[in-house]
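Here is a friendly walk through one structure, written for someone who likes to know the cut-offs behind the words. Please have a look at the entry first.

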Amino acid sequence: MDRAERRIVEALTSNPPEVSYNPYAYNEDIELLSFPVAIVLVAALANDYIKRRYALAEARRAYSLFKLENEEKIAEIAGKFGWKIRVINRQIGFIRFSFALHFIDYLKNAIAFHEKEWKLVNRMVHNGEVYLSKHDVARLLQEEVRRYIESKIDLSAEVKIPEEILKYVEKIRQICSEKIKETPLEPIPSGVVNDAFPPCIRELYEAIKSGRHVSHIGRFTLTAFLLNIGMDAESVINLFRSLADFNERITRYQIEHIAGERGSRTKYTSPKCDTLRTHGLCVGSDELCRRVKHPLTYYLRRTRALEKREKARVEE
Amino acid sequence: MIDNLVFIRNAFSRYYSENIDRVEIPKSIENREFGFTLFKEGVMVRHKGFMKPEDLKDFIKKNIPSNVFYSAAYYSVPEAKMDEKGWLGSDLFFDIDADHIPTKCNKKHDVWTCRGCGLKGRGMTPDKCPTCGGESFDDKTWPCEICLETARSETIKLIDMLMNDFGFSPEEIKCSFSGHRGYHVQIESEGILDLDSDIRKEIVDYITGTGIDALLHGLEEVRDGKTRFLVGPSLDDFGWRGRIAKGTYEFLLAATENDLRNLGLKRKIIEKILSSRDEILESWKTSGPWNLVEGLGLDGWQKILQHSATFQSAKIDTVVTVDIHRLIRLPGTLHGKTGLLKVSFPVSRIEDFDPLKEALALKGEEVKVYVDEAPAFRLGDEIFGPFEKQSVTLPLPAAVFLLCKNAAKVID
Ligand code: SF4
Ligand SMILES: [Zn+2]
Ligand SMILES: [Zn+2]
């Protein structure tokens, strides 16, 4: 029980989060048994932040353990998660590939990583398998473990918790109370600043304004973006008025759907750069583009820069 | 005078009454959503479901739809509203259509007419009418041989990746001609059904080469003691690595001074590349051309490789593959814009498949029509047209083709 509590507290107080592994302090049985108990504790805490943080910490711990294992052992562990994986130990060019992993198992985990070397297109893929180094596989397994633990912790489940355990739950909750505060979202400046539009949005905006044909996904992107930066639905609808196939009723419905006012509660966020690139809507990158992953981030930075410039001018 | 739509509908009706078994029943029909367009209303009827193949066939025979679609997705309740259907999975689907690909014919055969002032023009439809500024057009697009060949070669590149890189077997890959200007490729294998849009997007990026980086495909500078030299991908490498090498080989085989200048290379270097072309091509047999051109370093090669990669990608319609609720045309049914059949064929036939022959499906007597305007077109072994404001007697498929395109009228 104590070890289970320590596992969670470690996860919440270390940075980056990681659960320690000390074979001398706790024997293997305790290590094994404390894990399911920790999962129940985290579920009982019913807090999404703790859940994610704990899963990440356990996963990082697993990662450090995997790195110490040999190829066969790693393949065996991966097999337990249902991965189709083979040890190949093959040298191609200047790189040594230790494993070949089925592309679906690869994608399900690599999708969480955003660096370009994790994009499938930048990997050696042959006959349904992705060729990987030992380090790559350990990293992918870490992600698998993280997803696995998160899926095991069901916050909505009504778990009957014995008195005994509740004590621990309270204790952990106290220890972590400052940690749990949600980080507030960056405030979006009020008022729409056209000059701060990223190139992709500017292009779509101009196209719509001059009544040119814009693809469905292009319209969605523009609408969601404008709503996200605080334009009201009415102004967005008016923007679409110049289109040849403008239909007030349908446009209103679509835009209010995206805004989340009608029918479903969903409020959509405009797509990220990566998605726009896939669909050919990213128009070249300027300096700032290269440093952002989302058109909204581009917009926020630019508005801030513009504001500063404004101030500077006033003070002069 | 017979109404065009009535005439086409009769021809479709005859096809469906005689060939209803050519309509291909999708796997797990009870979990698929169906959609139809009808001649009269011209609107899409969606959210239809059928428990048995016979129900679907009866529906088609009775209603004679102008187009038949079904969902690439599987649902627990296909007839429910979109967010209540219960998504179970979706086939992996690719659409290659000449509409989205630049072609050598420049679509000169396509005609657009401004709805505002009636101005006509050729090629890609403009955004705005040059005369009246109107933005709404009627367009007639034609499946020309060049368009179809371009679509075929993109499909071949796609199939190559699906088999060699993704490891799908020929039996797992279903190919078909769309009935208009492109090809469809579909995979129904167990493993891919539950993939979400994000993962499908990664597959799309792989196929279109989006986000590819030559530096992650073997191009690098190595140090050996004091000397530094470049290494790069070779022709027999797997996957994109080999593809980049092949693309570079082909690009340098034919590159003009202009092509190289467009990459932003310096004049001196361009001259050197052009003058040592033979040597460069020869070098692929050994360690590659990376150190052959003095002054051409990592940056320059990277530009060449990135550019070369674009020719190796397959130009699929990105939106279609990522959309896990997509409706697609049902194989064995007629295309309302051409009267041609969407027809399936085995992967092995992609090279020699003749869409304008094998998609012919309508039978009946010759028809006399008045053609307003049509470019020359081939159906089967015969070439028809070009026609301009004239009456001609045509075999039924050719007549229906023009009627569907709204380029002719039936004269009795
Ligand atoms: S990089 Fe992002 S913000 Fe810049 S144009 Fe492309 S999609 Fe827009
Ligand atoms: Zn006009
Ligand atoms: Zn053409």
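The notes below go from the overall picture to the metal sites, the cores and some individual residues.

This is a predicted model, in which local features need pLDDT of at least 70 and side-chain atom pairs count only at pLDDT 80 or more, while totals for chains, interfaces and linings use all residues. Residues are numbered from 1 along each chain as its sequence is written, chains are lettered from A and ligands numbered from 1 in the order in which they are written, and side-chain values use heavy atoms, with hydrogens and water left out.

**Overall picture**

- Chain B has 12 helices and 20 strands; helices (H or I, at least four residues) and strands (E, at least two) are DSSP runs numbered from the N terminus.
- The C-alpha trace of chain B spans about 85 × 50 × 40 Å along its principal axes.
- Of the 412 residues in chain B, 54% are buried, where buried means under 20% relative accessible area, exposed over 50% and partly exposed in between (1.4 Å probe, protein chains only).
- Among the contacts in chain B with a separation of 6 or more, 65% are between residues 24 or more positions apart; contact means heavy atoms within 4.5 Å.
- Chain A is assigned domain 1 (2–66 + 148–175), domain 2 (71–142) and domain 3 (194–315), with bounds that come from an automatic or database domain assignment.
- The C-alpha centres of domain 2 and domain 3 of chain A are 37 Å apart.

**Zinc ion (ligand 2)**

- Its protein donors are B:Cys114 (SG), B:Cys117 (SG), B:Cys129 (SG) and B:Cys132 (SG), at 2.3 to 2.4 Å; donors are N, O and S atoms within 2.8 Å of the metal (3.2 Å for Na, K and Ca), and sites may look incomplete because water is not among the atoms.
- For reference, the ideal angle for four tetrahedral donors is 109.5 degrees.
- Along the chain, the donors follow the spacing C-x2-C-x11-C-x2-C.
- B:Cys114 lies in strand E7 (residues 111–114) and B:Cys129 in the loop between strand E8 (120–122) and strand E9 (137–140) of chain B, so this pair ties together parts that are 15 residues apart in sequence.
- Both B:Cys114 and B:Cys129 are buried.

**Zinc ion (ligand 3)**

- B:Cys105 (SG), B:His109 (NE2), B:Cys144 (SG) and B:Cys147 (SG) coordinate this ion at 2.0 to 2.2 Å.
- This site is tetrahedral, with angles of 103 to 118 degrees among its 4 donor atoms.
- The donor residues are spaced C-x3-H-x34-C-x2-C in sequence.
- B:His109, in the loop between strand E6 (92–97) and E7, and B:Cys147, in helix H3 (residues 145–165), link parts of chain B that are 38 residues apart.
- B:His109 and B:Cys147 are both buried.

**Nonpolar cores**

- The largest nonpolar core has 148 residues, and the members touching the most others are A:Tyr106, B:Leu162, B:Ile207, B:Ile273 and B:Leu402; such a core is a set of buried Ala, Val, Leu, Ile, Met, Phe, Trp, Tyr and Cys residues joined through side-chain atoms within 4.5 Å.
- Helix H12 (residues 396–404) of chain B contributes the most to this core, with 8 residues.
- Beyond its neighbours within four places in sequence, B:Leu402 contacts residues including B:Trp142, B:Val371, B:Phe377 and B:Phe387.
- A second, separate core has 30 residues, among them A:Phe197, A:Ile208, A:Phe225 and A:Val236.

**A residue between the chains**

- B:Asp205 sits in helix H4 (residues 197–208) of chain B and is buried, with a relative accessible area of 0%.
- Its side chain makes a polar contact with the side chain of A:Lys119 at 2.8 Å; a polar contact is a pair of N or O atoms within 3.5 Å, where within protein one must be able to donate a hydrogen and the other to accept it, and residues adjacent in sequence count only if both atoms are side-chain atoms.
- Not counting residues up to four places away in sequence, B:Asp205 touches A:Lys119, A:Val121, A:Asp274, A:Thr278 and B:Thr210.

**Backbone details**

- Most residues other than glycine have a negative phi, and most peptide bonds are trans.
- A cis peptide bond joins B:Gly385 and B:Pro386, with omega about 0 degrees.
- B:Ile64 has a positive phi of about 45 degrees and is buried, at 3% relative accessible area.
- B:Asn406 has a positive phi of about 60 degrees but is exposed, at 57% relative accessibility.

Key: Four donors count as tetrahedral if all angles lie between 85 and 135 degrees; four count as square planar and six as octahedral if opposite donors are over 155 degrees apart and all others between 65 and 115; anything else is irregular.
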